[in-house]
Amino acid sequence: MRKFAPRSWSCYLAEESCTGLYITNDKLKRKITADYAIPGRCADGSYTSSLVRRSTFYSEGAMRELLVSKYGTGKALAELLELAKKDNLPVYKVKRVD
């Protein structure tokens, strides 16, 4: 590929449903800007939340907005994420690797 497109670059977002594993090689957020993921459906077909019906990816700001709509204002993102965890809403951090 480098021979024909020397300046090209491929990025990926790998998802292992219901395992909480979301990985991308886009460390600088050039294409994949998601910071968090919420899986929508587990392997057994059940939905994880009434908030989402498919795996959905969120920037940090969008995740804050979603959680503030559910838990109210005046809380730090870490506290909002902890509240989501207590409500069994699976919110996963997108890992960025080389």
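Lys95 in β6 is the bridge partner of Ile23, a pairing taken here from a predicted model in which local features need pLDDT of at least 70 and side-chain atom pairs count only at pLDDT 80 or more, while totals for chains, interfaces and linings use all residues. Residues are numbered from 1 along each chain as its sequence is written, and side-chain values use heavy atoms, with hydrogens and water left out. The protein chain contains 2 helices and 6 strands, where helices (H or I, at least four residues) and strands (E, at least two) are DSSP runs numbered from the N terminus. Along the sequence these elements follow the pattern β-β-β-β-α-α-β-β.

**Chain totals**

- Of the 98 residues in the protein chain, 31% are buried, a class that means under 20% relative accessible area, with exposed meaning over 50% and partly exposed lying in between (1.4 Å probe, protein chains only).
- The accessible surface of the protein chain comes to about 6600 Å², and carbon and sulfur atoms account for 51% of that surface; the areas come from the Shrake-Rupley method with a 1.4 Å probe, and for residues only the protein chains shown count as cover.
- Among contacts between residues at least 6 apart in sequence, 45% join residues at least 24 apart, a contact being defined by heavy atoms within 4.5 Å.

**Sheet with β1, β2 and β6**

- Three strands form an open sheet of mixed pairing in the order β1-β2-β6, where two strands pair if DSSP finds at least two bridges between them.
- The edge strands of this sheet are β1 (13–16) and β6 (95–96), each of which pairs on one side only.
- Strands β2 and β6 run parallel and are joined by 2 bridges.

**Sheet with β3, β4 and β5**

- A further open sheet of 3 strands is ordered β4-β3-β5 and has antiparallel pairing.
- Because β4 (56–58) and β5 (92–93) stand at the edges with a single partner strand each, one side of each is left without a neighbour in the sheet.
- Strand β3 (residues 36–38) runs antiparallel to β4 and is joined to it by 3 bridges, and Ile38 stands opposite Thr56 in β4.

- In helix α2 (residues 77–86), the residues Leu77, Leu80 and Ala84 are buried.
- An α-helix has 3.6 residues a turn, so residues three or four places apart point the same way.
- The buried residues of α2 pack against β3 and α1 (60–71), whereas the face turned away from the buried side carries the exposed residues Ala78, Lys85 and Lys86.
- Asn88, which follows α2, has a positive phi near 60°.

**Aromatic rings and charges**

- A search of the whole structure finds 2 aromatic pairs, where rings of Phe, Tyr and Trp (its six-membered ring) pair if their centres lie within 6.5 Å, and planes under 30 degrees apart count as stacked, over 60 as edge-to-face and the rest as tilted.
- Tyr22 and Phe57 form an edge-to-face pair, at 5.7 Å centre to centre and with 80° between the planes.
- Since Tyr22 lies in strand β2 and Phe57 in strand β4, the pair ties together parts that are 35 residues apart in sequence.
- Tyr22 counts as buried at 0% relative accessibility, whereas Phe57 is partly exposed with a relative accessible area of 31%.
- Tyr22, Phe57 and Tyr92 form one aromatic cluster.
- The charged end of Arg30 sits over the ring of Trp9, 3.9 Å from its centre, and Lys93 lies over the face of Tyr36 at 4.7 Å from the ring centre; the criterion is that NZ of Lys or CZ of Arg is within 6 Å of the ring centre and within 35 degrees of the ring normal.

**Loop between β2 and β3**

- Lys31 lies in the loop between β2 (21–24) and β3 and counts as exposed at 65% relative accessibility.
- Not counting residues up to four places away in sequence, Lys31 touches Trp9, Cys11 and Asp26.
- Leu28 and Arg96 are 68 residues apart in sequence and 8.8 Å apart in space, C-alpha to C-alpha.
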